[in-house]
Amino acid sequence: MITLLHYVAIAALETYLIYNEYRIWMYFKRRSDARTSARRAAYRIKAYRDIDERRMLKMKRQELWRAYGKI
């Protein structure tokens, strides 16, 4: 009978440990996802700014070629 109680206690403790490990893993995963999103948002602003500058330069060059390219 005591052996059965030991097995039940061990099973309960293992279940508790697995549950806590899962909670810790989920905490770090959410934290990692949040940090990744913040980092991407910061670089996204810079990337869009760079793309807008390149697009503007391209448009200006095309205007110059249309205006003065036929000389």
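Predicted model: local features only at pLDDT ≥ 70, side-chain atom pairs only at ≥ 80, totals over all residues.
Lys and Arg are counted here as positive and Asp and Glu as negative, while His and the chain ends are left out. On that count, the chain carries 17 positive and 7 negative side chains. The centres of the two sets lie 7 Å apart.

The secondary structure amounts to 1 helix and 0 strands. The helix, H1, covers residues 2–68. Along its principal axes, the C-alpha trace of the chain spans about 105 × 15 × 5 Å. The radius of gyration points the same way: the chain has 30 Å, whereas a compact globule of 71 residues would have a value near 11 Å.

Burial and surface come next. Of the 71 residues of the chain, 1% count as buried. The accessible surface comes to about 7300 Å², and carbon and sulfur atoms account for 63% of that area.

One part of this surface is a nonpolar patch formed by Met 1, Leu 4, Leu 5 and Val 8. Together these residues have about 470 Å² of accessible area. Leu 5 is found in helix H1, and it counts as exposed because its relative accessibility is 53%, where the cut-off for exposed is over 50%.

Arg 31, Arg 35, Arg 39, Arg 40 and Arg 44 gather on the surface in a patch of positive charge. Among them, Arg 31 is found in helix H1. Arg 31 has a relative accessibility of 39%, so it counts as partly exposed; that class lies between buried, under 20%, and exposed, over 50%.

In one of them, the side chains of Asp 33 and Lys 29 meet, with an N to O distance of 3.4 Å. Asp 33 and Lys 29 both lie in helix H1 and are 4 residues apart, about one turn of the helix. Asp 33 counts as partly exposed because its relative accessibility is 39%. Lys 29, at 37% relative accessibility, is therefore partly exposed as well.

Another salt bridge joins Lys 46 and Asp 50, whose closest N and O atoms are 3.2 Å apart. Lys 46 has a relative accessible area of 44%, so it is partly exposed. Asp 50 counts as partly exposed because its relative accessibility is 24%, and the limit for buried is under 20%.

The remaining salt bridge is between the side chains of Arg 55 and Asp 52, at 3.4 Å from N to O. Arg 55 and Asp 52 also both lie in helix H1, here 3 residues apart, which is about one turn of the helix. Arg 55 is partly exposed because its relative accessible area is 47%. Asp 52, at 40% relative accessibility, therefore counts as partly exposed too.

To draw this together, the model has 1 helix and 0 strands, and 1% of its residues count as buried. Its surface includes a nonpolar patch with Leu 5 as a member and a patch of positive charge that includes Arg 31.

Notes. Residues numbered from 1 in each chain as written. Heavy atoms only, no water. Patch = residues over 30% accessible without salt bridge, like charges linked within 9 Å, V, L, I, M, F, W, Y side chains within 5 Å. Areas by Shrake-Rupley, 256 points an atom, 1.4 Å probe, with all protein chains shown as cover. Salt bridge = Lys/Arg side-chain N within 4 Å of Asp/Glu carboxyl O. Charge placed at Lys NZ, Arg CZ, Asp CG, Glu CD. Helix = DSSP H or I, 4+ residues; strand = E, 2+ residues; numbered from the N terminus. Buried < 20%, exposed > 50% of the residue type's maximum accessible area, 1.4 Å probe, protein only. Rg over C-alpha atoms; globule rule 2.2 N^0.38 Å.
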